[in-house]
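Subject: Structure handover

Hello,

Here is the structure I promised. Please open it first, then read my notes below.

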2 protein chains.
Amino acid sequence: MTDYEHFFSRAALKSQGSAIRKMGVMAVRVPDMISFAPGYPDPAVYAWEEFREIAGELLTGRDGSVLQYGPTRGHKPLIEACQEILASRGITTTAEQMLISTGSQQGIDLVGRVLFDPGDVVLVELPAYTGAISAFRNTGATLVGVRQQADGIDLEDLDRALTRARAAGRTVRCLYLVPNFQNPTGLLLSLEKRQLLLAWASRADVLIVEDDPYGALYFEDTATAADTRPIKADDDEGRVIYLSSFSKTLAPGFRVAWMAAPEPVAAKLDLFKQTQDLMPPALDQHIIYQAYRRGILTGRLPMLRKFYQEKRTVMQEQLRAQLGDLITWPEPKGGFFLWATLPAHCSTDEMLLRAIEQHVIYVAGSAFFVDGTGANTLRLSFSLPSKEKIVEGVRRLTRVVKEEMAGRHKAPVEI
Amino acid sequence: MTDYEHFFSRAALKSQGSAIRKMGVMAVRVPDMISFAPGYPDPAVYAWEEFREIAGELLTGRDGSVLQYGPTRGHKPLIEACQEILASRGITTTAEQMLISTGSQQGIDLVGRVLFDPGDVVLVELPAYTGAISAFRNTGATLVGVRQQADGIDLEDLDRALTRARAAGRTVRCLYLVPNFQNPTGLLLSLEKRQLLLAWASRADVLIVEDDPYGALYFEDTATAADTRPIKADDDEGRVIYLSSFSKTLAPGFRVAWMAAPEPVAAKLDLFKQTQDLMPPALDQHIIYQAYRRGILTGRLPMLRKFYQEKRTVMQEQLRAQLGDLITWPEPKGGFFLWATLPAHCSTDEMLLRAIEQHVIYVAGSAFFVDGTGANTLRLSFSLPSKEKIVEGVRRLTRVVKEEMAGRHKAPVEI
């Protein structure tokens, strides 16, 4: 039997599977499980009929490029479409700044490889998106967390974190954040702070990685398009790398997202994308492009906003009615997530075992904190389950939380 | 204007775009250009009608998973299909050894990240696939080339390269090679050498990365399926990471390939794939699975072998008739490539400018050599151009080569 440990790179030796993720995967297989765990869009609102029609037109063989190798940076008409979308968000770009990525996760990974050396410090929010945490850690970088307030990242804590890291001799090249309906908190960064962040980045000479998968899905009862204006829209110095995606608005199975970066950064991202997968999926890009060009994406956005807003409302009302005196949360003004905080002594990691017993799951908040805190928090995603499931799921969760609060824990189940 | 150099990782600072690639991209835009450069399959033989029918059935919305997030390792039925394909090639696998990758290029990149630290030595063939060269270099590894003979890699030179690297204190964890109809040489590794390589890997305590995109496309006039038996088929010690793909047999635009690795290695590859793109494209995986399950892939292979064999034959006959006394090449027994060697004083890099003037392009061989040699070699791909274009392209190439030989060079054109 060959021993493989001595074949692994340092990064591979350090990389660890998430126990929570594994448990989630197993739990999903339990019949009747209600899952508030994954941040999946709801296939009930995918444009199936339109995709079907478009695919039928594309797969005639008249245009070989639909299934051929193509440019690393993506299908040119789709790049132009993304530039139009960016323009509608206030962002002016050149073609040389653009890349279509194989999902935004790839964009995040590429940013990590292009910007970070082992030992560098990357600033992220407390809590932050786990996919970015893992991708950045895989480059050997150290992640340092910055607190959030109701209106987004705490600028004083940001300054402190930067100063501390630099005083310790560490290289700090960037801040990663999700300003619109953050994963996992659902928080919306205030417009004022967006401006202050740009000034801070200039002063501190760092780049900002602005990850914006949810911005188009604001809820009209509490937010407007203007509230989601990207930081990148006012980026006069070229300090922002902006990422967005079709995964939440059209469908994630296509694996098509895009990014806009200063030209020298985009050129490096291109080189790493070449060696990473040569190109984004061709058929997917063609379908997405057609869905955009025919107005299917834009036309459906009001319906999608309303659809997810209603689910948010149902979850919020149920939580308020049943758990309003035990947990707190910031109202989600868009996106897919509700972020709940239990009293300080609770452990949502341990509670998850009992939740599975009750056939309901969530993501324990600790996974999102790079500083080891957050034990009493959890992320509930309302995007995928139906309203009926949300009602029933919150009912089950209520039993679990009340048990936890009362300290009447049964023995943990075997997983 | 922000200066970006100080934001880049060491790997990004080192990464360089390929001048040849850029020139190729520009040259393709010239009308009437005949390109022997890219190793693209021919869309004329894609199963358009079948793909269209399958896509129509998949996109009804009955099965949400067709466009949803899914497992990092891939769509389970497709993994099982790949295991069946592997079994037909003599390779027995467990599900835990398998990953669907977003094209084989991703598999290569993941291998690099999991196995190599900066400064490690990776052994590759002289010449070797440029996509692997770049991916491995992006990990900071040093590539050391091993000569090839008519029956594949030179085992004595392999031993010398390993000994030299280790004597210099370098870590050597693996040999990367393409045993079947190698890119770029088209060479077929002999069955005897495959056995000897396994023994060598065991003795040397290294892993073998066996990249096999072309194995199913052997030419029946000169090779059999038995000649392409993977090294992995006889890998008793778990030393081989095997990669294969649907890109050359079904279509590259789908970005669906697969790999089989020892379980501990597969687990690490999984972790890096998670942070790299979460999952392979979902619709693409479903289409490929159906194409396999309905017998479309297997049923078309004899036609594909014949189709590419005929193109090979046309190219070879034309070359023999027109350039037979000036260039030499090993007969391609499968795959997409013919590898030509000119007399020692020629430079195919310089000659490329004149080739573009004559509206024909190829890839200059130097790009495939990690030791800076190969100036008088070139790769001709016969897979994409029609037979008529091959005839005309060789005619143009003949003029270029004869000019080069005669030393009657015009001034280089401006590009």
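This is a predicted model: local features need pLDDT of at least 70, side-chain atom pairs count only at pLDDT 80 or more; totals for chains, interfaces and linings use all residues.

Residues are numbered from 1 along each chain as its sequence is written, chains are lettered from A and ligands numbered from 1 in the order in which they are written, and side-chain values use heavy atoms, without hydrogens and water.

Helix α13 of chain B covers residues 387–406. (Helices are DSSP runs of H or I, at least four residues; strands are runs of E, at least two; both are numbered from the N terminus.) Its 20 residues should span 28 Å at 1.5 Å a residue, and the end C-alpha atoms are 28 Å apart, which agrees. The expected span is 1.5 Å times one less than the number of residues.

Buried residues of α13(B) include Ile390(B), Arg396(B), Glu403(B) and Glu404(B). Buried means under 20% relative accessible area (1.4 Å probe, protein chains only). The buried residues pack against β1, α11, α12, β12 and β14 of chain B. Contact means heavy atoms within 4.5 Å.

Now chain A. Helix α4 (residues 76–88) reaches 19 Å from its first C-alpha to its last, close to the 18 Å expected. Among its buried residues are Leu78(A), Cys82(A) and Gln83(A). Those buried in α4(A) pack against β2, β9, β10, α10 and α11 of chain A.

Best wishes

Technical notes: Buried means under 20% relative accessible area, exposed over 50%, partly exposed in between (1.4 Å probe, protein chains only).
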